[in-house]
Amino acid sequence: MRSFDYDPKSVACIAELKRRYFPGDPEWIVEEGSVLDKGYLDALGTFDIVYSWGVLHHTGAMYRALENVVPLVKPEGMLYISIYNHQHIQTPVWTWVKRAYNHLPPGLRWALLFPSLVYSWGPRTIIDICRGKPFYTWRHYAEKSMRGMSAWHDVIDWVGGYPFETAKPEDIFRFFHDRRFSLEHLFTCGGGGGCNEFVFRKFPNISR
Ligand SMILES: C[S@@+](CC[C@H](N)C(=O)[O-])C[C@H]1O[C@@H](n2cnc3c(N)ncnc32)[C@H](O)[C@@H]1O
């Protein structure tokens with residue numbers, strides 16, 4: 001198994017997971033590498049399963065990254081990706097917010113963080129107060145969320161997550177269909193601002 005990321009801190013995270021759960025496994029290689037680096041990818045070979053959750057839309061060149069993963073999948077192999085959903089109004093607004101946040105000096109970032117926090121958490125907080133459980137969801141977020149982050153870190157992760165690109169489910173379907181993949185499973189975020197998740201299978205090589 002091969003895990004890579006281009007950020008050394010993310011690589012350190014994977015290395016920590018390996019140390020905790022599969023210490024000394026010689027078949028799990030964890031390293032720095034970019035999905036935009038064709039030379040690096042070409043040397044990796046091909047795989048039965050290629051998995052990339054929430055990565056390709058943060059590269060700054062999403063369609064190049066999507067193209068680059070195609071040769072990594074063996075014929076009849078599986079490709080599991082998750083890609084931010086495109087929303088007609090929200091996507092350009094969030095793209096602006098995220099870009100501006102990353103350009104602001106750290107001391108001024110609260111000016112975007114605070115309104116984003118109110119937008120993201122205001123309605124839920126009012127509901128919790130009405131239920132007589134003020135900030136219940138906020139306080140218990142880390143236990144319940146899939147990714148284990150505190151609510152505060154999740155807000156920072158969302159607002160600061162740039163480069164940021166999005167696609168409609170049908171765009172991703174068409175892209176891989178044209179490259180000889182069939183869609184096996186699709187989990188959408190219901191038109192919201194989260195990720196759509198896709199499981200594709202590559203067609204077998206046809207020999208005549
Ligand atoms: C939102 S995080 C991934 C989330 C993670 N997979 C999870 O399940 O929680 C996005 C990751 O994409 C990585 N990334 C961005 N550009 C990349 C590139 N060109 N090559 C490889 N990794 C990249 C970032 O370093 C970051 O670790």
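Guide: Of the 208 residues in the protein, 15% are buried. The model is predicted: local features need pLDDT of at least 70, side-chain atom pairs count only at pLDDT 80 or more, and totals for chains, interfaces and linings use all residues. Numbering starts from 1 along each chain as its sequence is written.

Visitor: What makes a residue buried or exposed?

Guide: Buried means 20 or more other C-beta atoms within 10 Å of its own; exposed means 12 or fewer; partly exposed lies in between, with C-beta atoms placed from the backbone.

Visitor: What makes a nonpolar core, and which residues have the most contacts inside the largest?

Guide: A core is a set of buried Ala, Val, Leu, Ile, Met, Phe, Trp, Tyr and Cys residues joined through C-beta atoms within 7 Å. The largest has 19 residues, and Leu 56, Ala 65, Val 69, Leu 79 and Ile 83 have the most contacts inside it. β4 gives this core its largest share, five residues. Strands are DSSP runs of E, at least two residues, numbered from the N terminus.

Visitor: Which residues is Leu 79 in contact with, leaving aside neighbours within four places in sequence?

Guide: They are Val 50, Val 69, Val 73, Phe 181, Phe 200 and Lys 202. Each counts because contact requires C-beta atoms, placed from the backbone, within 7 Å.

Visitor: How many residues surround the ligand?

Guide: There are 13, and the closest are Tyr 6, Asp 7, Ser 10, Ser 34 and Val 55. A residue is near a molecule if its C-beta atom, placed from the backbone, lies within 6 Å of it.

How values were computed: Helix = DSSP H or I, 4+ residues; strand = E, 2+ residues; numbered from the N terminus. Contact = placed C-beta atoms within 7 Å.
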